[in-house]
There are 2 protein chains.
Amino acid sequence: MATQGKRTRIEDIRRVELIAAAHRVFLEHGLQGMTSARICREAGMSPGILAYYFKGKDEVLFGMVRYNNRLLMEDVIARLNAAPTNWARLEAIVEGNFPAQAFTRAIASAWMSVCAEAGVNEQYARLQRLFHRRLRSNLASVFDGMFDAARLHEASLIIAALIDGLWLRKAVADDIGRDEAIMLVFRGIRSLVSDKEEQQLRYPPGREPKQARRRRP
Amino acid sequence: MATQGKRTRIEDIRRVELIAAAHRVFLEHGLQGMTSARICREAGMSPGILAYYFKGKDEVLFGMVRYNNRLLMEDVIARLNAAPTNWARLEAIVEGNFPAQAFTRAIASAWMSVCAEAGVNEQYARLQRLFHRRLRSNLASVFDGMFDAARLHEASLIIAALIDGLWLRKAVADDIGRDEAIMLVFRGIRSLVSDKEEQQLRYPPGREPKQARRRRP
DNA sequence: TAGAATCTTGTATGAGCGTACAAAATTCTT
DNA sequence: AAGAATTTTGTACGCTCATACAAGATTCTA
C-alpha cells in the first residue's frame, strides 16, 4: 500500500480529535452523557464518523481515559523532575492530583462514573490500577530509604485513599475547595510521618538538616 | 374512604417488597443494571407492577437509597448505644462503615455509581450529604470536649475521606480486605490524635485514666 | 353470591442510543 | 482532467428500557 503513510496520518489526526472531543464531553457530562452523537457534534463532525475511525464506542472511551491519565501524569512528572527536595516532590505529587482548574464538581463526578464502571468492566479497572501504581511508585521515590516496605505500603494506601476520598466528597457534597483539599491531605501526611522525618524530607539531598540552623535561621 | 386502611396496608407491603428487591438488584448490578424489569422479576412480580405503586423509577430508586442508608445506620446506632467508652464508639462508627459481609467489590462499585449520580442529580446529593452529616455528628459525639470546632471539622473530613477512599479503592482494585481497611482507618485516626488523647478515649467516662494503673495493670 | 373495588398481568408505545451502510464529497494518482 | 481511493455525511435499523394501559384475576362488600 503506497498510500499508507498519508492514510495513517489523517486517521491518527481524526482519532486524536475525536478522543479530545470525547474528553471534553466526558468532563462536562460524565460517562453517561458521553454519547456517540455528542462526541461527534463536539468534534464538529457528522454522527457516523465515529464508526469509521473506531471499532466501537468502547475504543473511544478507553482512549479517552488513557488520554486523561496521560494529561494528569505529564504535569506531575514535569514538576517531579524540577523538585529540589523530597518535600517538593511530595507537593508535586499531591498538588498534581488536584489540578488547578480541574477540581470541579462536574469533573469529580465524571471521575466517579469511571470508578463505578471500573468495578464492572475489567478494562477500566486495569487503567485505574495503573494510575494507582504510578502514584504509589511516586510516593515510594519520596520516602525511599526512610520507610520500610510495609510502612510504605500502608502510607501509600492511606494517602491514595485520602486523595480519592476528597474527590468523592467533591462530587457528592462540593463543600471543599482545591486549597483546602490539598491542605487536608498534607495534614494527613504530617501525622503519618514524624517531625524528624518531615525535616529530613524538607532538606535537599546531601545537605543534611542541621537542627540548630533551622531553629534559629 | 372506608377501605383506606386495608389499601394502604397492601400498598405499603408492596412498596417495601419492591424497594427491598431493588436494593438486592442494586447491590449486585449497580445503578446501571438496576432496570425496572429486573426489579420486578427479583420481587417475583410482573414487569408492569412498578408503575402501579410508584410514580416512576426514580421514586423506587430514592426509596432504595434511603432503605440502604437506614440499614447501615441502624447497625451503627445499635453499637453506638452499647459502647462503654468513646474508643468503642469510634470502633462502632468505623466498623459500621465497613459492614461485615458487605465490603465487596460489587457493592463498592454499586456505591460508586450512586456517588457518580449524586454529582449530577441533586436528589442523590442530598441523601449522600445527609449520610455524611450523620457520620460527622457521630464523630463529634466521640471527640466532644476534646477537639475544638475547627479541629473536629478537619478530623471528620479526613476520616470520612479515608473511609470513602478505601471503598473507592475496593471498587477499582479490590486489593484490600475488610480488616485491613478498618486497620488503615485507625492508623489514620491514631496519627490524628495524640497518644494522650487516645488514652482519654479508651477509658469510660467518669473513670479518668490513671497512668500508673494502665502502665502496670 | 353478585357486583364493585382493588390488585396484577402482559403487552404496546415511544424515546434514546450504538452501529451499519449507501451515497455524496473530497483527495489522490496517473 | 478522469478515474480511483479515501473520507464524510445522513439516515435507517435494531436494541434496551421506562412508562402507559387495557384486560384479566383477586379480594372485598352488602
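Which residue just after α8(B) takes a positive phi, and of about what value?

Author: The residue is B:Asp174, and its phi is about 55°. Keep in mind throughout that this is a predicted model. Most residues other than glycine have a negative phi. B:Asp174 is not a glycine, yet its phi is positive. The residue sits in the loop between α8 and α9 of chain B. Is B:Asp174 buried, exposed or partly exposed? B:Asp174 has 17 C-beta neighbours inside 10 Å, so it counts as partly exposed. Being buried would take 20 or more.

Now look at the other chain. A:Asp174 also has a positive phi of about 55°, and it is not a glycine. Its place is the loop between α8 (149–172) and α9 (178–190) of chain A. With 17 C-beta neighbours inside 10 Å, A:Asp174 is therefore partly exposed.

α8(B) has 24 residues. At 1.5 Å a residue they should span 34 Å.

Contacts join 36 residues of chain B to 36 residues of chain A. On chain B, four helices each supply at least two residues of the touching side: α6 (105–118), α7 (122–142), α8 (149–172) and α9 (178–190). The largest share comes from α8(B), with 14 residues. By type, the touching side of chain B divides into 21 nonpolar, nine polar and six charged residues.

How do the two chains relate? Two copies of a chain are related by a rotation about an axis and a shift along it. Here, a rotation of 180° with 0.0 Å of shift along its axis superposes chain B on chain A, and the RMSD is 0.1 Å. The two copies are thus related as by a two-fold rotation axis. In chain B, the C-alpha nearest that axis belongs to B:Gly165, 2.0 Å away from it. Both copies use the same surface, since 100% of the contact residues of chain B recur in chain A.

For another helix, take α4 of chain B, residues 57–82. Its 26 residues reach 38 Å from first C-alpha to last, close to the 38 Å expected at 1.5 Å a residue. Buried residues in α4(B) include B:Val60, B:Leu61 and B:Met64. B:Val65, B:Asn68 and B:Val76 are buried as well.

A:Met146 is in the loop between α7 (122–142) and α8 of chain A. There are 13 other C-beta atoms within 10 Å of A:Met146, so it is partly exposed. Leaving aside residues up to four places away in sequence, A:Met146 touches A:Glu197 and A:Gln200. A:Arg133 is 13 residues from A:Met146 along the chain, and their C-alpha atoms are separated by 19 Å.

Widen the view to chain A as a whole. Chain A has 11 helices and zero strands. Its C-alpha atoms fill a box of roughly 70 × 45 × 30 Å, taken along the principal axes. Of its 217 residues, 35% are buried. Take the contacts in chain A between residues at least 6 apart in sequence: 60% of these join residues at least 24 apart.

Finally, how confident is the prediction? The mean pLDDT of chain A is 90, and 90% of its residues reach 70 or more.

Technical notes
Residues numbered from 1 in each chain as written. Chains lettered and ligands numbered in written order. Predicted model: local features only at pLDDT ≥ 70, side-chain atom pairs only at ≥ 80, totals over all residues. Contact = placed C-beta atoms within 7 Å. Nonpolar A, V, L, I, M, F, W, Y, C, P; charged D, E, K, R; others polar. Least-squares fit on C-alpha atoms with pLDDT ≥ 70 in both. Expected span 1.5 Å × (residues − 1). Buried ≥ 20, exposed ≤ 12 C-beta atoms within 10 Å, placed from the backbone. pLDDT = per-residue confidence, 0-100.
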